[in-house]
Amino acid sequence: MNSYLESVKKQFEYYKILGEKAFEQIPEEKLFWKLNEESNSISMIVKHLSGNMLSRWTDFLTTDGEKEWRKRDEEFNDDIKTKEELLSKWNEGWECLFNAINPLTEKDLEKEIYIRNMGHSVSEAINRQLAHYPYHIGQIVFIGKIIQNEKWNSLSIPRGKSKEYNNEKFSKPKRKEHFTDDL
């Protein structure tokens, strides 16, 4: 299998897991909390991510990634009311993404697709979304850290544990694997 496509799939899976690990730590009512009127709640970010994923990945190779039916501005309406609804939106978006990306082959990478009438190779379009989604998932994690403060469990290398983490990694022989393989 193409190493780029395998890496991309693992990267998307990694960021999906990061978001889910953040959701697990945050009390349900705090998923709807906003710092101020100009900020977004976690639920609003999830709704936006889902809307973007559905638009970009539905009929990915054959239709413009900005669908006529998408109502982007409404993605920032704060109308998700339960964690169950939030997770349903989250999973709907990711399912659409993986359904589109899993069948891709190396030959597909140079095909041209459009987002708002702007041509992208398939690999450029994938990279665009691989930059966009972690940007928002980072916001989710940051909001979670603000909410949970000292109760937050690190999703990466915990503070003060870098040396221990590196010692464990360097205790193994050099090898080729994706950094997410042992998560």
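Modeller: What follows is a short talk about a few residues, and please keep in mind that the model is a predicted one.

Colleague: Fine, let's start with the backbone; what is the phi of Arg116?

Modeller: Arg116 has a positive phi of about 55°, although this residue is not a glycine.

Colleague: And where is Arg116 found?

Modeller: Arg116 sits in the loop that runs between β1 (112-115) and β2 (118-121), and Arg116 counts as partly exposed because its relative accessibility is 42%.

Colleague: What about Asn149, what phi does that one have?

Modeller: Asn149 is not a glycine either, and its phi is positive, at about 50°; the residue belongs to the loop between α4 (122-148) and α5 (162-170).

Colleague: Is Asn149 buried or exposed?

Modeller: Asn149 counts as exposed, because its relative accessibility is 53% and the cut-off for exposed is over 50%.

Colleague: Changing topic, which residues form the negative surface patch?

Modeller: That patch is made up of Glu28, Glu29, Glu84 and Glu85. Of these, Glu28 is placed in the loop between α1 (3-25) and α2 (42-57), and Glu28 is partly exposed, with a relative accessible area of 37%.

Colleague: Now Ser55, where is its place, and is Ser55 buried or exposed?

Modeller: Ser55 lies in helix α2, and Ser55 counts as buried because its relative accessible area is 0%, where the cut-off for buried is under 20%.

Colleague: Which backbone oxygen lies 2.6 Å from a polar atom of the Ser55 side chain?

Modeller: That is the backbone oxygen of Gly65, which lies 2.6 Å from a polar atom of the side chain of Ser55.

How values were computed. Residues numbered from 1 in each chain as written. Predicted model: local features only at pLDDT ≥ 70, side-chain atom pairs only at ≥ 80, totals over all residues. Heavy atoms only, no water. Helix = DSSP H or I, 4+ residues; strand = E, 2+ residues; numbered from the N terminus. Buried < 20%, exposed > 50% of the residue type's maximum accessible area, 1.4 Å probe, protein only. Patch = residues over 30% accessible without salt bridge, like charges linked within 9 Å, V, L, I, M, F, W, Y side chains within 5 Å. Areas by Shrake-Rupley, 256 points an atom, 1.4 Å probe, with all protein chains shown as cover. Salt bridge = Lys/Arg side-chain N within 4 Å of Asp/Glu carboxyl O. Lys, Arg positive; Asp, Glu negative; His and termini not counted. Charge placed at Lys NZ, Arg CZ, Asp CG, Glu CD. Polar contact = N/O pair within 3.5 Å; in protein donor to acceptor, adjacent residues only side chain to side chain.
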